[in-house]
Amino acid sequence: MIRCYVTRRASGDIEAGIARAISEGVDFIQIREKDLSARELLELAVRARSRAEGSRARVLVNGRLDIALAADLDGVHLPANGLPPPRVRPFVRTLGVSTHSVEEAIAAQQAGADFVFFGPIFETPGKSPVGISALRAVTAVVRIPVLAIGGITIANTPEVLAAGAAGIAAIRLFQGV
């Protein structure tokens with residue numbers, strides 16, 4: 001199972017969350033701090049990369065190719081409305097893309113994404129869930145790993161894996177809140 005910790009400062013200490021996720025053996029750390037300045041984001045990314053050194057965790061930054069390159073990160077995770085994946089693919093080792101429909105997931109795959117986030121699967125603040133049946137529909141047609149996101153808990157992880165997800169992406173789950 002692939003596991004991705006997505007940072008969110010509003011949910012607590014970013015660096016403590018990164019350290020905990022690395023110690024728990026996550027595959028990816030996605031730095032998703034939209035409210036930081038470019039300089040602050042770069043500094044955080046460099047610290048995260050250093051902390052992840054020697055672990056299995058690969059560090060990605062959300063939507064910021066410039067930060068990924070400047071910090072020598074493993075890659076970028078693009079939001080659904082972000083930069084076009086084909087334009088980013090040549091510059092990164094790892095490319096993830098957020099998707100919310102079968103069509104978006106197929107397009108991300110065709111554009112060279114290494115994996116997609118799909119969701120939100122379950123209820124999450126401010127977003128309507130797409131549900132398990134939509135996850136099944138995506139995993140039935142997409143050949144790259146699909147990571148379920150949105151309201152993911154320890155209790156519902158078996159359900160998303162049974163629906164074909166290759167893994168999970170979460171914020172609060174890896175922070176223990």
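Helices here are DSSP runs of H or I with at least four residues, and strands are runs of E with at least two, both numbered from the N terminus. The model is predicted: local features need pLDDT of at least 70, side-chain atom pairs count only at pLDDT 80 or more, and totals for chains, interfaces and linings use all residues. Residue numbers start from 1 along each chain as its sequence is written, and side-chain values use heavy atoms, without hydrogens or water.

Select residues 102-110 (α5) and 132-141 (α6). Their axes, which are lines fitted to C-alpha atoms over the stretch in contact, come within 9 Å and cross at roughly 30 degrees, where angles run from 0 to 180 degrees between N-to-C directions. α5 and α6 are therefore roughly parallel to each other (an angle under 35 degrees). Now show the side chains of Val102, Ala105 and Ile106 on α5, and Ala137, Val138 and Val141 on α6; these make the contact (heavy atoms within 4.5 Å).

Next, select strand β3, residues 58-62. Four of its five residues are buried, so β3 is largely enclosed by the rest of the structure (buried means under 20% relative accessible area, with a 1.4 Å probe and protein chains only). Glutamine 30 stands opposite leucine 60 of β3.

Move to the loop between β6 (115-118) and α6, where proline 120 lies. The peptide bond joining glycine 119 and proline 120 is cis, with omega about 5 degrees.

Finish at aspartate 72, in the loop between α3 (65-70) and β4 (75-78). Aspartate 72 is not a glycine, yet its phi is positive, about 55 degrees.

Key:
Angles under 35 degrees count as roughly parallel, over 145 as roughly antiparallel, 65 to 115 as roughly perpendicular and the rest as oblique. Buried means under 20% relative accessible area, exposed over 50%, partly exposed in between (1.4 Å probe, protein chains only). Two strands pair if DSSP finds at least two bridges between them.
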